[in-house]
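Please open the model in your viewer and keep the selection tool at hand. The stops below are meant to be taken in order.

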Amino acid sequence: MKRLLAVALVVAAVVWVRQTDTAGTDPPTTALALGFTLIVAMLTGEVLRRFRLPRLTGYLLFGLLVGPYLGNVITQPMARGLQTVNGIATALIAFIAGLTLNFERLGLRMAGTGRFIATTIGVAMLGLFSVAWLSWAWLPVAPDAAGIAKLAMVTLFAIVVISFSPTMTAAVISDTGARGRLSDLVLAIVVLADLVALVVFSVAMQFARLALGAGTDAGVNVLVRLAWEILGALAFGGLVGALFALYLRYVGREVTLILLSVCVLLSQVGRTQGFEPLLAAMAAGMVIQNVAVPQGDALKVAIQRGALPVLVVFFVATGMSLQLDALAQIGFVAVAVVALRIALIRLGVRAALKASEIDRRTGEYVWTGLISQAGITLGLVSVVATEFPTWGSRLQMLLIAVIAIDELIGPALFRIGLARAGEIETTTRRPLIVVSNREPYLHNYENHGRIVVSPATGGVAVALDALMRERDGVWIAHGDGTADRAVVDAADKVRVPPDSPSYQLRRLWLDPEEYAAYYGGFANEGLWPLCHLVDVRPKFRSEEWAAYQSVNARFAAAIDEELPTTETPVFIQDYHLALVAGSLRERRPAARTALFWHIPWPYPDRLRICPWRREILAGLLANDLVAFQLESDRRSFVLAVEDELDAEIEADGQRIWFRDRVSTVTAVPIGVDYDRIQGVGGESALAAEQQRLRTTFGLGAEILGLGVDRLDYTKGIPERLEALDRVFTRRPELRGRMTFLQIGVPSRSNLDSYSAIESEIDQKVREVNERHGIPGLSPPVYYHKGALQLPSLVALYRLAHFCIVSSLHDGMNLVAKEFVAAREDEDGVLVLSGLAGAAQELREALIINPYDIDDFADALTRALDMPVEERRGRMRAMRRIVAGRNVFSWASDILEGLESLWTKPLQYAARAPEDAPM
């Protein structure tokens with residue numbers, strides 16, 4: 001009702017402006033027409049969206065069906081103003097079509113796709129030509145035509161009718177969120193088919209000019225003009241596209257304005273120089289899509305902002321040119337043409353499936369994506385109507401009626417095809433496979449044989465568990481609990497979490513010796529110290545490398561068993577599994593994999609310590625997408641690839657070609673489950689948990705500091721204790737008034753370097769307490785060895801006056817973000833190492849150098865003395881960052897980035913401008 005009222009108000013406003021227009025005045029007719037057109041068409045698009053049709057269908061139908069009636073409202077000057085946009089719009093439509101075609105995605109399928117397209121178009125066009133030739137006398141175009149004139153008209157009719165719509169195809173794919181081979185194949189087919197149609201159309205237009213007396217050239221001149229029209233268009237479009245790509249890469253400002261200027265250039269120069277502007281525009285789009293891929297996001301936003309007004313005005317201007325009485329007479333003919341077109345397309349697709357190696361399960365639904373027609377078809381028929389106004393205008397009228405029908409049924413049919421192919425999320429969530437060494441839940445035996453389940457500790461495990469609760473699917477991990485085998489089914493799987501089963505945990509069983517060599521040896525005595533700038537020497541042994549290779553191959557085999565289709569994304573975690581993707585490719589070459597490297601990546605000079613660095617780099621590049629925490633880590637990885645492998649790297653390092661594959665390399669900092677932490681912090685049981693923890697840990701001191709870490713030599717816990725010792729020495733009045741609670745989670749204690757750091761921490765805690773403790777009062781340091789559940793951690797985060805994260809080198813450190821997320825009271829101070837990745841985001845923390853103990857102690861003193869207004873201001877700023885960058889946005893960026901490598905076409909058509917990222 002509100003939308004109808006809005007339309008009525010807009011129409012009333014235009015009528016009122018028209019009535020107030022007096023002789024001798026020249027109101028802003030074009031601007032008024034543009035505003036009227038955009039508002040009403042967008043409202044129509046929103047209404048149709050309720051019927052599961054793309055918004056663009058609403059824009060198109062508004063222009064084509066409602067446009068003629070607007071002649072009673074919009075004056076002739078307004079109509080002329082709208083018509084001036086047509087040239088720009090047709091160039092923009094062809095430009096967008098070119099942008100949707102990525103030759104790299106087609107890869108080895110190019111030959112099969114080409115045969116599929118040639119067969120489909122050939123069968124459909126020949127069939128339509130034959131029927132049209134026999135029934136031409138009954139078509140309301142030029143029934144009296146005969147001989148060579150009839151041949152030219154029928155040829156153009158067949159070409160224009162059997163054209164497709166990349167615009168509407170991309171709109172439906174975007175609107176439905178479809179991901180898979182059908183959507184990928186249909187998009188490639190419609191773009192390549194329209195490219196072929198444009199070339200054939202140029203040849204047919206030259207023939208029509210000769211046959212109908214519209215041209216005077218003959219013989220060689222005709223061939224020269226045809227070559228210039230086609231090859232000149234391709235060359236000019238390629239030049240414009242290359243220049244635009246350079247602009248996007250090195251300037252990248254005012255992209256929307258430049259985009260529209262490029263369309264003006266392609267349209268006007270094409271017409272004045274005598275070559276086909278639509279072909280030039282499509283060539284320009286293809287050059288940009290395949291040359292300036294990293295700048296695709298900026299261009300995507302530009303199209304979202306700039307394309308909609310131009311396209312809507314184009315559709316409306318076309319609709320306004322119709323004659324209603326004539327349109328009513330050709331309605332039945334249009335229905336017959338639509339039915340014939342659909343039948344011939346289905347026949348062509350069936351023949352194409354036999355002529356190509358396209359998978360039949362995918363190919364049988366391709367025809368559903370070839371029904372829609374819009375921009376390209378309108379552009380072609382507009383050219384015919386301009387060049388041959390007598391019969392061309394009647395052909396345009398017939399084709400517009402055909403398009404209107406196709407746009408009502410085409411999107412619905414394509415939705416059905418995508419749904420039957422399993423590429424649309426309907427009532428079920430899109431599954432996901434997560435692969436990690438560490439399992440999210442462990443089952444262990446307690447006394448008397450009772451089985452208890454406990455979640456894994458650490459921010460990454462919590463973050464991925466939250467992701468899997470939302471996505472469903474299978475998590476593959478090493479089974480390490482004493483009772484893990486007792487609870488799995490015959491397929492080694494169990495539903496988790498135990499309180500609310502949401503996904504399957506597939507457990508992989510490893511022999512203790514093999515696991516020790518793979519995990520404790522190569523991964524944690526080799527790769528871990530290699531990637532962290534700490535005073536621990538990496539150790540690489542050939543037998544441990546062999547175990548690492550073997551275990552990675554076993555993980556790949558488990559993925560192969562659990563992978564329902566190659567469209568299901570596989571999300572691999574961390575340095576333990578660097579070779580999994582390469583091994584999986586041997587079984588599933590088309591699998592879609594992303595790996596997130598959670599820890600830092602070493603500089604190229606340090607990486608040379610590893611004897612098998614090239615194999616690790618090659619294994620990582622077997623993934624379609626490799627993501628790091630920080631941009632500096634991404635750059636170090638790219639430099640290592642450049643030094644060690646014979647790979648081709650894009651200028652900006654975003655994509656790497658290696659062994660006939662391309663990998664995208666990006667940086668995506670991980671976040672925490674902000675909403676879950678907020679929920680725990682808002683529970684009524686929080687106060688009771690805080691009181692329990694005070695009693696359990698004896699936290700009676702006035703001031704509480706907090707540290708939560710795995711017992712790892714990279715966490716800087718000894719340096720932290722030295723800084724606390726320095727603070728107590730400087731300010732003895734804090735003795736008995738302040739307690740620092742250190743939560744230490746034992747990790748890899750069987751390794752010498754880890755047992756050494758545990759012993760060092762134990763010794764330093766004793767020394768600090770002996771030096772500064774007061775009998776009968778709270779100790780300076782309370783040290784708890786063991787993991788805590790999230791509710792207990794949130795309770796402690798809220799109790800603490802300050803939290804210390806003093807990593808000597810850390811990829812991110814989620815404790816810092818958890819502390820900020822838990823502080824709903826906007827209080828507390830975060831003391832954060834500048835050597836942790838989180839410091840690059842949480843700049844309002846007190847940033848310290850953990851190696852500079854005096855500076856560290858100064859920061860702690862400042863935290864203790866900081867005024868409440870400053871504490872709250874800093875915390876508010878950090879909470880905005882943490883809330884805006886949670887675990888789901890992190891995972892979404894990676895997984896959508898993985899999927900967009902196949903379905904990257906600019907999905908502008910299903911979104912209104914307000915949806916564009918700002």
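A residue is called buried when its relative accessible area is under 20%, exposed when that area is over 50%, and partly exposed in between. Please keep in mind throughout that this is a predicted model.

Select Val-251 to begin, in the loop between α11 (220–250) and α12 (255–273); with 44% relative accessibility, Val-251 falls between those two limits and therefore counts as partly exposed.

Select Trp-136 and Phe-157, an edge-to-face pair with 5.9 Å from centre to centre and 80° between the planes. This pair links distant parts of the chain, since Trp-136 lies in the loop between α7 (110–135) and α8 (147–161) while Phe-157 belongs to helix α8, 21 residues apart. Trp-136 is buried, at a relative accessible area of 1%, and Phe-157 is buried as well, at 2%.

Move on to Phe-740 and Phe-802, whose ring centres are 6.3 Å apart and whose planes meet at 25°, so that the pair is stacked. Phe-740 is part of strand β14 (residues 738–745) and Phe-802 of strand β16 (residues 802–805), so this pair ties together parts that are 62 residues apart in sequence.

For the last stops, select Arg-346 with Trp-367, where the charged end of the arginine sits over the ring, 4.2 Å from its centre, and then Arg-485, whose charged end sits over the ring of Trp-509, 4.3 Å from its centre.

Key: Residues are numbered from 1 along each chain as its sequence is written. This is a predicted model: local features need pLDDT of at least 70, side-chain atom pairs count only at pLDDT 80 or more; totals for chains, interfaces and linings use all residues. Side-chain values use heavy atoms; hydrogens and water are left out. Helices (H or I, at least four residues) and strands (E, at least two) are DSSP runs, numbered from the N terminus. Buried means under 20% relative accessible area, exposed over 50%, partly exposed in between (1.4 Å probe, protein chains only). Rings of Phe, Tyr and Trp (its six-membered ring) pair if their centres lie within 6.5 Å; planes under 30 degrees apart count as stacked, over 60 as edge-to-face and the rest as tilted. A charge sits over a ring if NZ of Lys or CZ of Arg is within 6 Å of the ring centre and within 35 degrees of the ring normal.
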